[in-house]
Structure formats: C-alpha cells, structure tokens
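Please keep the sequence and the structure in view while reading.

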Amino acid sequence: MTHETTETVYDMIATGIDTAVENAGPDGEALFLAKLALALARDLNNPDRVAELVDLALSDLVIADL
Amino acid sequence: MRPAGRGEWDSLYFTYPRFDPPDQRDGLTDRAPVVVVGAGPIGMTAALTLARDGVRVVLLDRKTTFNDGSRAICIARSSFHILDAIGALDPFVQNALGWTTGRTFHRGRQILEFHMPDGPDERFRPMYNLQQQYIEQFLWDAVAAEPLIDARWQSEVTAFRQDDSGAVLTVRDPLGDYDLPTDWVLAADGARSALRGMLGLRLQGANYEGRYVIADVRMAHDYPTIRRALFDPASRRGGTVLIHRQPQHIWRIDYQLRADETSDDAMREDAVRQSVAAVLRDIGHDGAWDLEWWSVYSANTLALDDYRAGRVFFIGDSAHIVPIFGVRGLNNGLADAQNIGWKLAHVLTGRADAAILHSYSPERRGATLDVFANATKSTRFMTPPTLGWTRMRDAALSLAHREDWAGALANPRQMTPYTYADSALTLPDDPAFAAGPKPGALTADPALPDGSHLSQHLAGVVVLSFGQTDLPADVVALPLPARGPVADAFGATDGTAYVLRPDRHVAARFHRATAHDITRALARLAGDFG
C-alpha cells in the first residue's frame, strides 16, 4: 500500500470513529473498531498474519518516557 | 511579549531601527502607479518586484519599525529564488541556516527522520531558518537602496475609495492627513488587514482548536539545524513541541497548550519560563538560557473568496491564514507578492494587457487551497480535532516504534511550490514530453556546464532553446545544449523550447517547437487569450 493510500485509510477510520461515537455514544468507538478489525481479518483470510498483527497492535501500548 | 523589565523592542540580539514619518511633505499627494500597504516581508517583496521592473511604488506602513519577534522563520528554496529575483539574496545566503532534515520523537524515542529533496547540484537548500526581523531588515536594506520605492513609515490608511479611473487612499501620519491617488493597491497589511475591513470583506474557512506558544530562547545548545517534533513528551503530556535552530544561538520552541490552559495564563512570563524549562529538560539541555520573546497562535485555514477587489489585490496574510505546520504562510505570501508584482509591472510598462491581472486570484487562491489540503492533514496530526483523529494519531505513533510506514504519517509535508496547470496563462502540455517540469510548474534549476545555475540567467519572460530551435525572428532565447544533464532535466531534445514566466514558472513547452508555438505562448503571457 502506498503512503497516499495509507493516509486515505487513516482518514476513513478516523471519520468512522467519530461517526460511531456520534451514533452510539462513547461505547460505539470500541465496538466499531472491533467490528472493523474482525471484518478486515476475515478479508485477509490469513490467521497466522492476523496473529502477527495482533502482537504488533499489543506492542507499545504503554511507552515509558526515555 | 518580552520578559519583565525589557521593552517591546528590547531584544537580546537585534537592534530594531526607528523609522520617522516622511518629513518632506511635497509630493506626498502625487499620483502613484502602485501603492503597497504594509512593509512586512510580503509588502517589501512586492514593492521590490515592481521597482526592479521599472515601476514607481509608494510603500506605506503604520508601524515605527519591523514586526516584533522571530515569527515566520522558515524560508523555502522557492522563496530564495524570489529573493534572488528581487536582488536581495546575498544577506539571506550569508546569514540563514540551511537544513534538509527533520526528526520526530514519540516519548523521547525517534520514530521518523525525513529528508527533503536536495543534492550537490542544487543552488539552494530546501529550507532555511532565519528570524523574521532579519528577513525584514535584509529586505528593507534592498528597499532603502531602490530609488523607485517611496517608503513612508508611521503612515496609516484610514479611508479608501475606488472607481473605474483609480483609487484614493487617505493616509494619516503624525504630521497630518492626506489623500494619495493611485492606479493599483496591493494590500499586504497582514492578518488583521484594515483594507480588507474597509472593503467589507471577510476571510472564510476553519479555525482549529490547537493553540501553541512560540518562545525564543538564547542558549549554547549543541544540535544541528534539524527540525525536531516531540509528540507526547514529558514536558507536554498529550501535546506536541517543535524545536528549530535559528542564527545567533536563538532557538525557537513551539509548544501546544492543553485544552484547559487559557492563552492569558499561558502567556504569563512565569508560565512560559516553566514550560520552556521543561522542554529543555526533554531535549537534555541543562545549561543556561535566556528568554528572548514569546507569542501565541492557533491553527487556522482562512482565505478570501477572491484575492482581488477592483483595484485592490490582497497578498500574504491579508488574503489567507494558514497553519504553520509545513511553513507555508511566509513562503506563499512571497509567491503572492512576486506573482502580482510581475503582472502589474508588465501591465504598467505596456508589455501586457490588463487582462493578465485576472489570473492572479485563481492562481494564488489555487495555491492556498492546495496548502489547506496539506496543512489540514498536518494539523490533524499535530493537533487532532476530534476523538477519531486523536485515536488514529495515537495509533500511528504507537505503531511507528516498530513500523516505518506508520512513522511516515508524522511527516509534516513541507511546503512545495504550486503548479499553475489550470491558469489562463498556461498552455496545455505537449504530450511528447517524458520528463521535465510541466506547464505551470516552477522550472528546474540545473547546474550548467560552467558551474552556474540556470536560475542565474533568468530575468523576465525567457525562452529556453535546446539545440537548433525554430524561433520567431524577434525573440532572443537562452541557448542550451540539446544533450546532457541540463537537457535531461527538461526532457528536452534538439528543437525543444520552454517559455518561462518572470516568476520562473513554465508557461508552455514544446518538444519540437515552431516559431508559431512560441509566439502563441508569449502572446498569452501578454494577455492575448485569442
């Protein structure tokens, strides 16, 4: 994926989060992101790759100051 | 603002001159071909562009000296070409700090290093840092040496009227009021433009919530001229900080205010000192430092719907306000000044029909809208406006510790010159080209075989002729070789011609030019759109 396409996807998801919160309140955000992740994972059709990306997403959730 | 005990103009390193109103009152009311309102960087650049092309200019400014503080500090390569064209380049080259690299940090860890396009054959670096008061000083030195510019300080425009035959500005200075008749007015009177208000015009667009304090400190700090951006640093939890090196051991620190910090509280000297000290701890500076100056700003994307109102052209901040991320405010203002400057000069000296003036607003407003598109993305990353943008920014920063593609999302998209592809002055492209600057784009500036650069040979409208070109009998072209690196930079072959505008943008190009082609392109630049 090109940088420009990555930016487009970034924008779409940011707007999606705001729409989810607008439509369903604060809980809408996590539900929206979980649904999106599940749908994307199914589209990817590669459980091993999903496991790698889950590990990536779990990394650096908390970052201590250097 | 300056620390307690120091006056508004009491800088640690710069002596602000004081300019008197005109003491010679004879001739103040003589009709001027052009009046430029505002002697900041944009107004002075416009005045110099006109004067160097043979047009007499009255330059008015209500202040007694330059703008206070370092303000716009980043000058892009394209702006150095503008400074070159107005004969003001040398002190900028001698004093500004060139840079190519930026580094972005998240919680102290570097997540991105970007390099702007540069190379040994480039005449100028992609970006330079220089405090605005030096920018104004160096431009003023050129203005003061220019006999066709009549600069009048402490001279405020208090009223304005215009009709089909011209315009009249009522000017007030400490010695009295007078009416100044003129043909054309360039409004370079800044973000709070009085002329804009007198014409009942309003900027339209968006305001962003993100506010920053900008503070200059003097310190002996050992770090190269590299732009640093700190996301979520210990000094500004949840916020962002930008750090730039400037000449004279002055460092610019921009730090974002929290939503619960009022601008008034943040502007107090003790608050600024505390915030700056925290940022300096973040970057490992434990030596002494002096506070020089500070101010506050918020990110906006605002512009006039039309940069022309009758005989008035708006240039710089009077026409558009852009976020600072990507350094587009000053640089786009300078491009405005050069754009309307050469067009007015060509009209007033009989080289073009007034029809070319219609191209100013579409060209420069197009550039502003392009800036908005880029600056809006930068601003959303620096100061996310909603939960969605905050989450995505934080996700990108977290991922960037392991994934380079995520770090690239933090690239601030530095300013690039706009391409006037759709302008009435630009002819459609010749599809035979496989390379080279397209019509509307800023020209390439390759090194020539003698070691000079192409830009050093350009003045006014120029035809570049590669090899043997079929030229109109009355056209003198700049001859260039049909083979080699210069030809390659233009995608040229034997018989290729480029027609360049005075602002060094490509008006037209022909892979195998005919005299008719070149005549047509030159006629268009003179306002013949038939």
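In this predicted model, β3(B) and strand β7 (residues 127-129) of chain B run antiparallel and are joined by 3 bridges. Within this pairing, Ala76(B) has Met127(B) in β7(B) as its bridge partner. The points below begin with the sheet that holds this pair and then turn to helices, a second sheet and the contact between chains.

**The sheet containing β3(B)**

- Strands of a sheet pair through backbone hydrogen bonds, in either a parallel or an antiparallel manner.
- In chain B, 3 strands form an open sheet in the order β3-β7-β4, and the pairing is antiparallel.
- Helix α2 (residues 77-85) of chain B lies across β3 and β7 of chain B, and its direction is at about 80 degrees to β3(B).

**Helices that pack against α8(B)**

- Two packed helices are described by the angle between their axes and by the distance between the axes.
- For α2(B) and helix α8 (residues 329-348) of chain B, the axes come within 9 Å and cross at roughly 40 degrees.
- This crossing of α2(B) and α8(B) is left-handed.
- On the α2(B) side the contact is made by Ser78(B), Ser79(B), Ile82(B) and Ala85(B), and on the α8(B) side by Asn331(B), Leu334(B), Ala335(B) and Gln338(B).
- By class, this contact of α2(B) with α8(B) has 4 nonpolar, 4 polar and no charged residues.
- Helix α1 (residues 41-52) of chain B also packs with α8(B), at an angle of about 25 degrees and with the axes 8 Å apart.
- Because angles under 35 degrees count as roughly parallel, α1(B) is roughly parallel to α8(B).
- The crossing of α1(B) and α8(B) is right-handed.
- Residues of α1(B) that meet α8(B) include Ile42(B), Thr45(B) and Leu50(B), while those of α8(B) include Leu334(B), Asp336(B) and Trp342(B).
- The classes in the contact of α1(B) with α8(B) are 11 nonpolar, 5 polar and 1 charged residues.

**A sheet of 4 strands in chain B**

- An open sheet of 4 strands has the order β21-β20-β22-β23 (chain B), with mixed pairing.
- Its edge strands, β21 (478-480) and β23 (506-510) of chain B, each pair on one side only.
- The twist from one strand to the next averages 15 degrees.
- Strands β20 (residues 462-466) and β22 (residues 497-500) of chain B pair in the antiparallel sense over 4 bridges, and Ser465(B) has Ala497(B) in β22(B) as its bridge partner.
- Strands β22(B) and β23(B) run antiparallel and are joined by 4 bridges; Val499(B) has Ala508(B) in β23(B) as its bridge partner.
- These two strands, β22(B) and β23(B), form a hairpin with 5 residues between them, and Arg504(B) in the turn has a positive phi of about 70 degrees.
- Of the 5 residues of β23(B), 5 are buried, so β23(B) is largely enclosed by the rest of the structure.
- Helix α13 (residues 515-525) of chain B lies across β20, β22 and β23 of chain B and runs at about 170 degrees to β23(B).

**Contact between the chains**

- Chain A places 19 residues in contact with 19 residues of chain B.
- Helix α1 (residues 3-24) of chain A supplies 11 residues, the largest share of the side of chain A that touches chain B.
- That side of chain A divides into 9 nonpolar, 5 polar and 5 charged residues.

Terms used: Residues are numbered from 1 along each chain as its sequence is written. Chains are lettered from A and ligands numbered from 1 in the order in which they are written. This is a predicted model: local features need pLDDT of at least 70, side-chain atom pairs count only at pLDDT 80 or more; totals for chains, interfaces and linings use all residues. Two strands pair if DSSP finds at least two bridges between them. Axes are lines fitted to C-alpha atoms, for helices over the stretch in contact, and angles run from 0 to 180 degrees between N-to-C directions. Two residues are in contact if their C-beta atoms, placed from the backbone, lie within 7 Å. A residue is buried if 20 or more other C-beta atoms lie within 10 Å of its own, exposed if 12 or fewer, and partly exposed in between; C-beta atoms are placed from the backbone. Ala, Val, Leu, Ile, Met, Phe, Trp, Tyr, Cys and Pro count as nonpolar, Asp, Glu, Lys and Arg as charged, and the others, Gly among them, as polar. A crossing is left-handed if the near helix is turned anticlockwise from the far one by less than a right angle, and right-handed if clockwise. Angles under 35 degrees count as roughly parallel, over 145 as roughly antiparallel, 65 to 115 as roughly perpendicular and the rest as oblique.
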